[in-house]
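Please read this report alongside the sequence and the structure shown below. It covers a sheet, a helix packed on that sheet, and a set of side-chain pairs.

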Amino acid sequence: MPGLPESQQALAAAPEGFSAGMTGPENAARQFFKDFSAAAPLLIAVSGGSDSTGLLLAFHDAAIANGRRLLAATVDHRLRQGSAQEAVRVGALCARLGIEHFTLDWSGDKPATGLQAAARLARYRLLADLAARTGSAAIVTGHTADDQAETIAMRSTRSQAGAVGLSGMASAVLVDSRAWVVRPFLGIRRDEIRAFLNARSVGWIDDPSNDNAAFERVKVRAGLAGSQAVVQSMEKSANRQALADAAAEFLLQALDFPDGHVARIDLSAGNSSDPAHRIALETVIAIAGGQKHRPGRRTAKRVHDFVAAGQPGRLTAARAVVDLRREGLYIYRENRGLESIRLAAGETAIWDGRFEISNAGASEITIGSCRKAPALFVPIGPDPVPDGVMARALAGLPAMIEGADPGRQGCKRVLSLYNDFLPGFELGLANALAARIGLPLIADWPAKLPA
């Protein structure tokens with residue numbers, strides 16, 4: 001299955017045919033509108049920093065030249081004094097440019113740990129909500145080549161950094177399963193954007209958190225100063241589409257869900273030492289375990305060594321059971337660590353990262369594992385998987401363990417790995433999983449791009 005169109009993949013690199021008389025930001029904006037033919041407006045995410053301010057100006061000029069409409073939004077995370085005034089300054093700049101501007105507030109309690117990750121998710125969800133309300137075709141952000149190098153450097157130090165993880169940010173990503181975010185400046189250095197702004201006599205806001213050494217990205221940024229990591233990051237990203245597409249092809253040949261919830265992989269369809277085969281296996285394990293990330297490096301190596309040995313047996317990895325039998329490899333949720341959630345009347349939530357549960361009843365319910373009640377998810381019969389596999393897998397299905405109105409609950413599978421963020425280069429891989437599980441295919445890039 002294909003991922004993003006080739007013209008959209010090319011946004012991460014400097015497109016050919018750019019005008020020598022224009023700056024990098026201007027050329028990137030012009031190329032974007034050359035490829036992008038959707039009539040709906042674009043939503044520009046503007047924090048007020050140099051990258052997003054340069055994005056706003058470059059896209060403003062290109063939009064006028066192409067007769068297109070822009071909207072702009074600033075997310076106030078309410079994490080420090082002065083953030084509200086910064087949003088006002090961005091709004092004033094947008095007013096001078098004739099661009100409608102929105103300020104989005106991240107309200108409520110903030111987590112004590114993982115603050116930057118939580119802020120990132122909240123920011124994108126707020127932007128996705130606004131894109132839906134305004135009918136915007138996509139959200140455009142000002143991530144640069146410098147951001148890309150920092151991302152790859154951070155991921156390389158983490159246990160989950162595999163072949164796909166080291167490729168860095170995608171030029172397009174589907175957020176919250178509903179809104180596309182595009183990053184047309186990934187091939188442009190921050191210094192070039194600031195030179196563009198200085199030439200226009202336009203200033204920007206320096207976020208003090210960018211100098212806070214308590215944040216991982218700030219430490220990494222200092223370590224990369226003056227290095228060739230930005231150029232090298234582009235080289236590391238070159239094969240990610242091919243790798244993800246090869247993994248998708250393997251799953252379309254080798255994966256099925258014979259009883260509706262247990263994954264079975266035909267290992268004879270691929271080579272266990274093939275990187276694409278390994279990415280495919282790690283992806284299935286993450287989905288079966290309801291995880292947002294693939295297994296870490298050590299766990300993945302343990303799984304691959306186990307599979308390569310070819311001896312029947314079981315091991316657990318990333319909350320999933322990897323059950324190797326003579327007739328095939330089975331993967332399903334281990335029956336430990338299954339938490340309960342409460343749903344008010346009319347509420348919908350994700351349970352265990354694997355199922356979206358909706359409560360259409362009139363009273364509150366509690367969802368837990370089906371050890372204590374009949375499963376909400378009814379396996380497809382007859383059951384063509386071994387009895388031992390079936391018994392263990394059934395214990396990992398959701399059930400209503402407290403509440404009235406039985407039968408008033410909706411239950412459908414979700415792809416935990418891609419619920420929040422689906423990189424565009426893994427769209428084909430996500431759709432291969434969706435096709436095999438029986439889920440609707442995920443929408444392609446929404447713009448009508450030239451062939």
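Which side chain meets that of arginine 342 in a salt bridge? The partner of arginine 342 is glutamate 364, with 2.5 Å from N to O. The model is predicted.

Neither end is buried: arginine 342 is partly exposed at 49% relative accessibility, and glutamate 364 is partly exposed at 41%.

Arginine 342 also has a polar contact of 2.8 Å with the side chain of threonine 366. Threonine 366 is part of strand β15 (residues 365-369). Its relative accessibility is 5%, so threonine 366 counts as buried. Leaving out residues up to four places away in sequence, threonine 366 touches Ser340, Ile341, Arg342, Ala399, Met400, Ile401 and Glu402.

## Other salt bridges

There are 24 salt bridges in the structure. As a general point, side chains of opposite charge can pair when their charged atoms come close. One of the salt bridges joins aspartate 305 to lysine 301, with the closest N and O atoms 2.7 Å apart. The two residues are four apart in helix α12 (residues 297-309), so about one helical turn separates aspartate 305 from lysine 301. Aspartate 305 is partly exposed, at 40% relative accessible area, whereas lysine 301 is exposed, at 51%.

Another salt bridge pairs arginine 319 with aspartate 352, whose closest N and O atoms are 3.4 Å apart. This pair links distant parts of the chain, 33 residues apart: arginine 319 is in the loop between β9 (313-317) and β10 (320-325), and aspartate 352 is in the loop between β13 (348-351) and β14 (355-359). Arginine 319 is partly exposed at 25% relative accessibility; aspartate 352, at 14%, is buried. A network of salt bridges links Arg125, Asp129, Asp176, Arg178, Lys292 and Asp420.

## The seven-stranded sheet

Seven strands form an open sheet with mixed pairing, in the order β3-β2-β1-β4-β6-β5-β18. Strands β3 (100-105) and β18 (421-423) are the edges, each pairing on one side only. From one strand to the next, the twist averages 30°.

What covers the two faces of strand β6? In β6 (residues 179-182), Ala179 and Val181 lie on one side and Trp180 and Val182 on the other; all are buried, and both faces are covered. In a regular strand the side chains alternate between the two faces of the sheet.

Strand β6 pairs with β4 (residues 138-140) in the parallel sense over two bridges, and with β5 (residues 172-175) in the antiparallel sense over four. Valine 181 of β6 stands opposite isoleucine 139 and is also the bridge partner of valine 173. Three residues lie between the strands of the β5 and β6 hairpin, where aspartate 176 has a positive phi near 55°. Aspartate 176 is also among the residues of the salt-bridge network. Strands β5 and β18 pair in the antiparallel sense over three bridges, and valine 173 stands opposite proline 423 in β18.

## Helix α5 on the sheet

Helix α5 packs on this sheet, touching β1 (42-45), β2 (70-76), β3, β4, β5, β6 and β18; its direction makes about 140° with that of β3. The helix runs over residues 115-134, 20 residues in total, and reaches 28 Å from its first C-alpha to its last, close to the expected 28 Å. After α5 comes glycine 135, with a positive phi near 70°.

Which residues of α5 are buried? They are Ala119, Leu121, Ala122, Tyr124, Leu127, Ala128, Leu130 and Ala131. Alanine 119 has a relative accessibility of 7%, and residues under 20% count as buried. Apart from neighbours within four places in sequence, alanine 119 is in contact with His77 and Trp106. Alanine 119 is also 9.4 Å from leucine 79, C-alpha to C-alpha, although 40 residues separate the two in sequence.

Conventions. Residues numbered from 1 in each chain as written. Predicted model: local features only at pLDDT ≥ 70, side-chain atom pairs only at ≥ 80, totals over all residues. Heavy atoms only, no water. Expected span 1.5 Å × (residues − 1). Buried < 20%, exposed > 50% of the residue type's maximum accessible area, 1.4 Å probe, protein only. Polar contact = N/O pair within 3.5 Å; in protein donor to acceptor, adjacent residues only side chain to side chain. Contact = heavy atoms within 4.5 Å. Salt bridge = Lys/Arg side-chain N within 4 Å of Asp/Glu carboxyl O. Pairing = 2+ DSSP bridges. Axes fitted to C-alpha atoms, helices over the stretch in contact; angles between N-to-C directions.
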